[in-house]
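Reader: I would like to learn how features are read from a structure, one at a time. Could you give the general idea each time, and then the case here?

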Amino acid sequence: MNARPKMTRFWPPGESTRRPIAPRVAAPREPADPARIGRRVVRRRAKGMDAGAIAAALEDARFDARQASRHEDLADDLRGPAELAEWERLHQLLAAAAPGTVYDPDTDDVVQAELAADAAAAAAREAELREAMRIAARADELQALRELGTLEQTEPRTGDEAVREELTRRAGGYVQADVDGWLARALAAHLGHYRDPAAREEAAGVLTAPVLAHAALLAELARLVPDADGDQLAFAARLATSEPEAAGALAAFLTRAHPAR
């Protein structure tokens, strides 16, 4: 009877080998802003008001502010002062407008600028959420490939540097040597998105020093001994992990000793 092949484990010693469940990615919520709420309330009330009505509302807001100043529990109130400031702004706006003009938020440059900023912020939050979901899905995919033992046959994609961070986070901060080695070998051989020089340059700014040193050393060793296999170059990973500066210096020395022709 053939022996059942042993599955390789990728988890830190002493920890559970059960695959962790990835956390659900929740949409980021915009925190409540009392001052913004106050300004919006004022604008809704002021819509259709002329200069005289705005002036009367401003006097009421000033009276309310004087009353509130007598209460210590309202000292930290943000909405009241924001409403007063908005009534003052609208009063100035209508005072400078043609007689008979009524307030319309749709023609208020300040309001329209705020709406544009809100739309841009919402789009940024949506993009951030989509990126987080993409990273989580790719991390699930790479974890499955690790368990199947086929990670080495997979070419990296744009953004896998962030996926590496997600896998590390899921493992409680444990640096996973197989993922680092996979990225280093791909970077050294210009595989996947690393075929693009811009992607390699970007990776140099986000990958850790041991990964970059490992990749640099592998590239030089492969150039010196093209037929060397992974087992023969296993020492490069150990050197880069324990002494990344020394590994990088060795790679630079080999480049000088045997410049490309």
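Reader: How does Thr-255 count by its relative accessibility: buried, exposed or partly exposed?

Author: Burial is judged by relative accessible area with a 1.4 Å probe and protein chains only: under 20% is buried, over 50% is exposed, and partly exposed lies in between. Thr-255 has a relative accessibility of 35% and therefore counts as partly exposed. This residue belongs to helix 10, residues 244-257, where helices (H or I, at least four residues) and strands (E, at least two) are DSSP runs numbered from the N terminus. The model is a predicted one, in which local features need pLDDT of at least 70 and side-chain atom pairs count only at pLDDT 80 or more, while totals for chains, interfaces and linings use all residues. Residues are numbered from 1 along each chain as its sequence is written, and side-chain values use heavy atoms, with hydrogens and water left out.

Reader: Which residues is Thr-255 in contact with, leaving aside its neighbours within four places in sequence?

Author: Contact means heavy atoms within 4.5 Å. With those neighbours left aside, Thr-255 is in contact with Glu-220 and Arg-223. Arg-223 is 32 residues from Thr-255 in sequence, yet the two C-alpha atoms are 9.5 Å apart in space.

Reader: How many helices and strands does the chain have?

Author: There are ten helices and zero strands, so the pattern read along the sequence is α-α-α-α-α-α-α-α-α-α, by the DSSP runs already described. Of the 261 residues in the chain, 30% are buried. Among contacts with a separation of 6 or more, 71% join residues 24 or more positions apart.

Reader: Is Leu-94 buried or exposed?

Author: Leu-94, in helix 3 (residues 79-95), has a relative accessibility of 5% and so counts as buried. Beyond its neighbours within four places in sequence, Leu-94 is in contact with residues including Met-49, Ile-54 and Tyr-103. Ile-54 is 40 residues away from Leu-94 in sequence and 8.0 Å away in space, C-alpha to C-alpha.

Reader: By class, which residues make up the contact of helix 1 with helix 4?

Author: Helix 1 (residues 34-46) and helix 4 (residues 109-148) pack at an angle of about 135 degrees, with their axes 13 Å apart, and they are therefore oblique to each other. Arg-36, Arg-39, Arg-40 and Arg-43 of helix 1 make the contact with Val-110, Val-111, Glu-114 and Asp-118 of helix 4. By class, this contact has two nonpolar, no polar and six charged residues.

Reader: How many residues are in the largest nonpolar core?

Author: A nonpolar core is a set of buried Ala, Val, Leu, Ile, Met, Phe, Trp, Tyr and Cys residues joined through side-chain atoms within 4.5 Å. The largest one has 19 residues, and those with the most contacts inside it are Leu-142, Leu-183, Tyr-194 and Leu-207. Helix 4, helix 5 (160-170), helix 6 (177-189), helix 7 (197-206) and helix 8 (209-224) each supply at least two residues of this core, and helix 6 gives the most, with six. Apart from this core lies another, of 13 residues, among them Leu-58, Ala-61, Trp-87 and Tyr-103.

Reader: How many of the eleven residues of helix 5 are buried?

Author: Eight of the eleven are buried, so helix 5 is largely enclosed by the rest of the structure. The buried residues of helix 5 include Asp-160, Glu-161, Arg-164 and Leu-167, and what covers the buried residues includes helix 4, helix 6, helix 7 and helix 8. Helix 5 is followed by Gly-172, which has a positive phi near 75 degrees.

Technical notes:
Axes fitted to C-alpha atoms, helices over the stretch in contact; angles between N-to-C directions. Parallel < 35°, antiparallel > 145°, perpendicular 65-115°, else oblique. Nonpolar A, V, L, I, M, F, W, Y, C, P; charged D, E, K, R; others polar.
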